[in-house]
Amino acid sequence: MALFAAAAIAAAAGGVAYHLWSREGDGAAAAHSGTVVEQVYAARLADFKGGAQTLRQWQGQVLVVNFWATWCAPCREEIPGFVRLQERYGPRGLQFVGIAIDQPEKVAEFSREFHINYPLLMGELETMELMRQAGNRAGVLPYTLVIDRDGKLVSREPGGLKESRLERIVQPLL
């Protein structure tokens with residue numbers, strides 16, 4: 001019984017510590033959201049034609065930046081919703097950009113299979129650092145950022161993102 005109680009106390013303490021740590025990180029990250037957005041806009045990422053792109057080309061639109069991989073089950077679950085939202089709200093200024101942490105051949109095949117209707121760029125090791133600076137200290141995939149038309153970081157979403165939740169986030173921004 002004492003062992004069970006000690007485990008419960010340790011788990012509760014860990015939960016409280018994580019909550020405080022994540023709140024502290026969110027506050028610090030919010031203070032630097034302009035810097036984070038500038039780093040996201042400036043990142044040079046490879047496209048499928050061998051060129052380099054920056055996300056700055058979509059500045060002024062509501063930008064949803066999704067870090068993902070083909071082998072990631074939650075990524076595979078959320079992407080069909082992203083395709084639908086891009087189709088529905090793209091004409092109103094919503095722009096998805098996927099940044100794949102994966103092999104280009106697998107990403108190209110995945111793109112065809114899932115009928116992805118938004119740009120996909122290839123992330124490399126520097127992309128992991130960009131995600132960390134954007135608040136993803138654990139390096140989880142998927143990880144999604146929502147940036148409004150004015151370049152303000154509106155939302156950071158670690159893990160799988162439901163279409164309905166993302167729609168509630170982006171609709172007021174359009």
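This is a predicted model: local features need pLDDT of at least 70, side-chain atom pairs count only at pLDDT 80 or more; totals for chains, interfaces and linings use all residues.

Q: Which helices do R84 and E163 lie in?
A: R84 is in helix α3 and E163 is in helix α6 (residues 163–170), so this pair ties together parts 79 residues apart in sequence.

Q: And how exposed is R84?
A: R84 is partly exposed, at a relative accessible area of 43%.

Q: What about R88, what does R88 form a salt bridge with?
A: R88 also bridges to E163, and there the closest N and O atoms are 3.4 Å apart. That again links distant parts of the chain, R88 in α3 and E163 in α6, 75 residues apart. R88 is partly exposed, with a relative accessible area of 40%.

Q: Where does E167 come in?
A: E167 forms a salt bridge with R88, closest N and O atoms 2.9 Å apart. E167 sits in α6 and R88 in α3, so that pair ties together parts 79 residues apart in sequence.

Q: Is E167 buried or exposed?
A: E167 counts as buried, at 19% relative accessibility; the cut-off for buried is under 20%. Through shared partners, the salt bridges join R84, R88, E163 and E167 into one network.

Q: How many salt bridges does the whole structure have?
A: A search of the whole structure finds seven.

Q: OK, moving inside. Which residues have the most contacts in the largest nonpolar core?
A: Those are L55, F67, I79 and L166, in a core of 49 residues. Nonpolar side chains tend to be buried together in soluble globular proteins.

Q: What does L166 touch?
A: Leaving out residues up to four places away in sequence, L166 touches V64, F82, L85, F96, V146 and L161.

Q: Do β3 and β4 pair in the parallel or antiparallel sense?
A: Parallel, over seven bridges, with β4 covering residues 94–100. V64 stands opposite F96 there. To get from β3 to β4 the chain goes through helix α3 (residues 73–89), and this β-α-β crossover is right-handed.

Q: And in which sense does β3 pair with β6?
A: Antiparallel, over five bridges, with β6 being residues 143–147. V64 has V146 as its bridge partner in that strand.

Q: Switching to α4: which residues of α4 are buried?
A: V107, F110, S111 and F114 are buried in α4 (residues 104–114). Down the helix axis they fall within an arc of 105°, so they line one face of the helix. E105 and R112, on the other side, are exposed.

Q: What covers the buried residues of α4?
A: The cover includes β3, α3, β4 and β5 (120–122).

Q: Last one: what residue follows α4?
A: H115, and its phi is positive, near 55°.

Key. Residues are numbered from 1 along each chain as its sequence is written. Side-chain values use heavy atoms; hydrogens and water are left out. A nonpolar core is a set of buried Ala, Val, Leu, Ile, Met, Phe, Trp, Tyr and Cys residues joined through side-chain atoms within 4.5 Å. Buried means under 20% relative accessible area, exposed over 50%, partly exposed in between (1.4 Å probe, protein chains only). Contact means heavy atoms within 4.5 Å. Two strands pair if DSSP finds at least two bridges between them. Helices (H or I, at least four residues) and strands (E, at least two) are DSSP runs, numbered from the N terminus. A crossover is right-handed if, with the strands pointing away from the viewer, the path from the first strand over the helix to the second runs clockwise. The arc is that of the directions from the helix axis to the C-beta atoms. A salt bridge is a side-chain nitrogen of Lys or Arg within 4 Å of a carboxyl oxygen of Asp or Glu.
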